[in-house]
Amino acid sequence: MKRKNLGRAVFVLFLLLPALAVWWPLWFMGTGALMPLDELRAALGPVLQGAEGSAFWPLLPSWPTLQPLAELLLDTPQFFTMFWNTCAIVFPQVLGQVLVGAPAAWAFSRLRFRGRRALFTLYIVLMLMPFQVTMVSGYLVADAMGIMDTFWAIILPGVFSTFPVFIMAKGFDAVPIALLEAASIDGAGPLRTFFHIGVPLGVPGILSAAVLGFLEAWNAIEQPMTFLKTKALWPLSLYLPQIAAEKLGLAMVASLVMLAPAVLIFRFGQKYLELGIQASGLKE
């Protein structure tokens, strides 16, 4: 019995160490957001400002303060501008991914047409290509369309991204073929079958793609940096690196505020992510 308890304790400790490594950055930001500026400078000065001594990080702030939060909310209008810029980029992009990707994924999953496998293979190849590979071609297309330095230069490529199609197609693969055959016998056409059977049963895959698309778009850096030259159009992902070292507390608070929507979306969509993964592994 003692040996069993010892083995369980070692296993819990083995899992706790990586968990602490994951939670440490959140603790770092949370405590840093409550620290006064002089304490932050004393802790991180040797790293960020070349001061003498060694950097350290206290477990809790000595004198907690909400001054950085008040400064962010009351005295930093550019933060709100970039927050709404981020929303204006992310939400249309995710909505477009669902509206465009769901019918395409259904076609790849349940329709049979010549060249389907070759086209789906092409989708996978495009999905595996990093942004750096397609950056030049995307830049030239956006410039030819006259949408450079606008939100559309980021939204449109995201809407037609191949990754959501791949995720949703795997979710639609779990729809029973017998159910589709029964609907066809009852006289349901392809569109009716898609809206009345495919969409309700493919909700886990659709929401999985939406959650992953939101997280990717919310934290995107390279696309806004490439296509947006006007700073007034920048999203939050480009605002945070611009905060100078003398405003470390502001940077900590801004990082937490930017992290909050992503955490909430992931918390809401975690169940659907798990269902989407499970559904993609089911076979008749």
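View 1. At 6% relative accessibility, Trp 106 counts as buried, where buried means under 20% relative accessible area, exposed over 50% and partly exposed in between, computed with a 1.4 Å probe on protein chains only. This is a predicted model, in which local features need pLDDT of at least 70 and side-chain atom pairs count only at pLDDT 80 or more, while totals for chains, interfaces and linings use all residues. Residues are numbered from 1 along each chain as its sequence is written, and side-chain values use heavy atoms, with hydrogens and water left out. Phe 172 is buried as well, with a relative accessible area of 0%. The structure holds 14 aromatic pairs; rings of Phe, Tyr and Trp (its six-membered ring) pair if their centres lie within 6.5 Å, and planes under 30 degrees apart count as stacked, over 60 as edge-to-face and the rest as tilted. Trp 106 and Phe 172 form one of the edge-to-face kind, at 5.3 Å centre to centre and 90 degrees between the planes. Trp 106 lies in helix α4 (residues 77–110) and Phe 172 in helix α8 (residues 163–172), so the pair ties together parts that are 66 residues apart in sequence.

**View 2. The whole chain, for orientation.** The protein has 14 helices and zero strands. Helices (H or I, at least four residues) and strands (E, at least two) are DSSP runs, numbered from the N terminus. Buried residues make up 36% of the 284 residues in the protein. Of the contacts with a separation of 6 or more, 76% are between residues 24 or more positions apart; contact means heavy atoms within 4.5 Å.

**View 3. The packing of α4 against α11.** Helix α4 and helix α11 (residues 203–218) pack at an angle of about 150 degrees, with their axes 9 Å apart. Axes are lines fitted to C-alpha atoms, for helices over the stretch in contact, and angles run from 0 to 180 degrees between N-to-C directions. That angle makes α4 roughly antiparallel to α11; angles under 35 degrees count as roughly parallel, over 145 as roughly antiparallel, 65 to 115 as roughly perpendicular and the rest as oblique. The crossing of α4 and α11 is right-handed, a crossing being left-handed if the near helix is turned anticlockwise from the far one by less than a right angle, and right-handed if clockwise. On the α4 side the contact includes Phe 83, Cys 87, Val 94 and Gln 97, and on the α11 side it includes Ile 206, Ala 209, Gly 213 and Trp 218. By class, the contact of α4 with α11 has twelve nonpolar, four polar and no charged residues. Here Ala, Val, Leu, Ile, Met, Phe, Trp, Tyr, Cys and Pro count as nonpolar, Asp, Glu, Lys and Arg as charged, and the others, Gly among them, as polar.

View 4. Phe 83, Trp 84, Phe 91, Phe 214 and Trp 218 form one aromatic cluster. At 56% relative accessibility, Trp 84 counts as exposed. Gln 97 is found in helix α4 and counts as buried, at 6% relative accessibility. Leaving out residues up to four places away in sequence, Gln 97 touches Ala 102, Gly 158, Val 159, Ser 161, Pro 164, Met 168, Ala 209 and Gly 213.

**View 5. The packing of α5 against α8.** Helix α5 (residues 116–128) and α8 pack at an angle of about 125 degrees, with their axes 9 Å apart. That makes α5 oblique to α8. The crossing of α5 and α8 is left-handed. Phe 120, Tyr 123, Ile 124 and Met 127 of α5 make the contact with Phe 163, Val 165, Phe 166 and Ala 169 of α8. By class, this contact of α5 with α8 has eight nonpolar, no polar and no charged residues.

View 6. Asp 149 lies in the loop between α6 (131–145) and α7 (152–159) and is partly exposed, with a relative accessible area of 24%. Phi of Asp 149 is near 65 degrees, a positive value in a residue other than glycine. Most residues other than glycine have a negative phi. Pro 241 is placed in the loop between α13 (236–239) and α14 (248–280), and is exposed, with a relative accessible area of 57%.

**View 7. The surroundings of Val 253.** Val 253 is found in helix α14 and is buried, with a relative accessible area of 5%. Not counting residues up to four places away in sequence, Val 253 touches Ala 33, Pro 68, Leu 69 and Leu 72.
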